[in-house]
Amino acid sequence: MSDNDRTDDKERAVEGGPPKMSPEEVKRRRGRNIAIAVVLGLLVVLFYAMTIARLGENVMNRPL
Amino acid sequence: MAMISDRLAETGRREAAGAAQVSVSGSVGDYIALLKPRVMSLVVFTALVGMVIAPGHVNPVLAFASLLAIAIGAGASGCLNMWWDADIDAVMTRTAKRPIPAGRIAPGEALAFGMTLSVGSVLVLGLASNWFAAAFLAFTIFFYAVVYTMWLKRATPQNIVIGGAAGAFPPMIGEAAVTGHVSLDGLVLFAIIFLWTPPHFWALALVKAGDYARAGVPMMPNVAGADATRRQIMLYTVLLAPAGLAPVVLGFGGAIYATVAGVTGLGMLALAWRVLRRREGEAAIKAAQQLFAFSILYLFLLFATLLAEQSLGFGSLFAGWGR
């Protein structure tokens, strides 16, 4: 990171804006975002499957 | 409590300093490393055996969810351990490249990650199995993160003996997830891992004594000396070898398990004896390394054989005993 970039970051911090990210940091953030999306999706599937497993045959036992 | 609030304040100061200078952002791999995947795999394995030996049936989906929750709970406690121990990890060659000391993940991020996973894993286990198992998992996370990591590890050479209980609880949690209680069978699996821990870690500590001394961790070789450690390794191995055969007596270990536990138990005794006898130079280091490596194989073989026997429905030598 060059001195100019650091100055930019400080100025952005003073202005309340986010610090400038390097391409590597952007790549890592993208990876984290995708991982969080995948985990949330799997949690939805897990909770759905757990609910069906808990209810068992009773899942169909309801007034129509 | 003062110690914990000091560390939280320090984490806050580092966060503030980090935010002012550069954004700390680890990769997905760094966050996975925080969970200590190798320890997690051992926990999954031993908890699975605890579930398989438990009498009764559990829905496969709920069994999978329970196992996942136990694994994530173990990972969460590993993450909290890394948050607390970042200072000593930084000075030990074995751990210096971990995400926090290497500066890839901020301490506060690791703390938040560990706490979130702890709460999440306990809730999922409660919903998937029962609240006794969930409470047991919560206690295990507390025991590892607070009792072992924050208290015992830097206070006493008995750190890994008492702290080893945290690593030995997973089979009992697995059994509790299926039955809602803990039986003598689960307690025996606990005892095997509990007695296995000192020879395993002290063999490593004999080789890495310099590392632990630099970090100020009072491991047995640094406090009582290498010879006293060798004697204690022998003592625990003498207790471990017969404990490894206890599943046969209780009826959930069959003929194959009896053979495997007997032969590998003798192997552990032979290697511990070699550690006791070879006290100088390269031979001493090699003996400790061999015991460390074999101890991993020993535990793996014992639990893998139990799993195979139970899964394939092999008969027990003393079926019905102790039940």
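Guide: Before we start, here's one rule: two residues are in contact if their C-beta atoms, placed from the backbone, lie within 7 Å. Also keep in mind that this is a predicted model.

Visitor: Okay, so how many residues does the contact take from chain A and from chain B?
Guide: We use that 7 Å rule for the C-beta atoms here. The contact between the two chains then takes twelve residues from chain B, and from chain A it takes 13.

Visitor: Which helix of chain A gives the largest share of the side that touches chain B?
Guide: By class, that side of chain A has eight nonpolar, one polar and four charged residues. Ten residues of that side come from one helix, spanning residues 23–55, and that's the largest share: helix α2 of chain A.

Visitor: What percentage of chain A is buried?
Guide: Chain A has two helices and zero strands. To count as buried, a residue needs 20 or more other C-beta atoms within 10 Å of its own. Of the 64 residues in chain A, the buried ones make up 2%.

Visitor: Over to chain B. Which element gives the most to the side of domain 1 that touches domain 2?
Guide: The domain assignment puts domain 1 of chain B at 33–181 and domain 2 at 183–208 + 224–323. Their contact takes 20 residues from domain 1 and 18 residues from domain 2. On the domain 1 side, α3, α8 and α9 of chain B each give two or more residues. The one giving the most, with seven residues, is α3(B).

Visitor: Are α4(B) and α6(B) roughly parallel or roughly antiparallel?
Guide: Two packed helices are described by the angle between their axes and the distance between the axes. For α4(B) and α6(B), the axes come within 8 Å and cross at roughly 155 degrees. Angles over 145 degrees count as roughly antiparallel. So α4(B) and α6(B) are roughly antiparallel.

Visitor: And is the crossing of α4(B) and α6(B) left-handed or right-handed?
Guide: The residues where α4(B) and α6(B) meet divide into 19 nonpolar, seven polar and no charged. As for its handedness, the crossing of these helices is left-handed.

Visitor: Last one: does B:D89 count as buried or exposed?
Guide: B:D89 is in helix α5 of chain B, residues 86–89. Leaving out residues up to four places away in sequence, B:D89 touches several others, including B:M82, B:T95 and B:P101. The cut-off for buried is 20 or more other C-beta atoms within 10 Å. B:D89 has 20 C-beta neighbours inside 10 Å, so B:D89 counts as buried.

Key
Residues are numbered from 1 along each chain as its sequence is written. Chains are lettered from A and ligands numbered from 1 in the order in which they are written. This is a predicted model: local features need pLDDT of at least 70, side-chain atom pairs count only at pLDDT 80 or more; totals for chains, interfaces and linings use all residues. Domain bounds come from an automatic or database domain assignment. Helices (H or I, at least four residues) and strands (E, at least two) are DSSP runs, numbered from the N terminus. A residue is buried if 20 or more other C-beta atoms lie within 10 Å of its own, exposed if 12 or fewer, and partly exposed in between; C-beta atoms are placed from the backbone. Axes are lines fitted to C-alpha atoms, for helices over the stretch in contact, and angles run from 0 to 180 degrees between N-to-C directions. Angles under 35 degrees count as roughly parallel, over 145 as roughly antiparallel, 65 to 115 as roughly perpendicular and the rest as oblique. A crossing is left-handed if the near helix is turned anticlockwise from the far one by less than a right angle, and right-handed if clockwise. Ala, Val, Leu, Ile, Met, Phe, Trp, Tyr, Cys and Pro count as nonpolar, Asp, Glu, Lys and Arg as charged, and the others, Gly among them, as polar.
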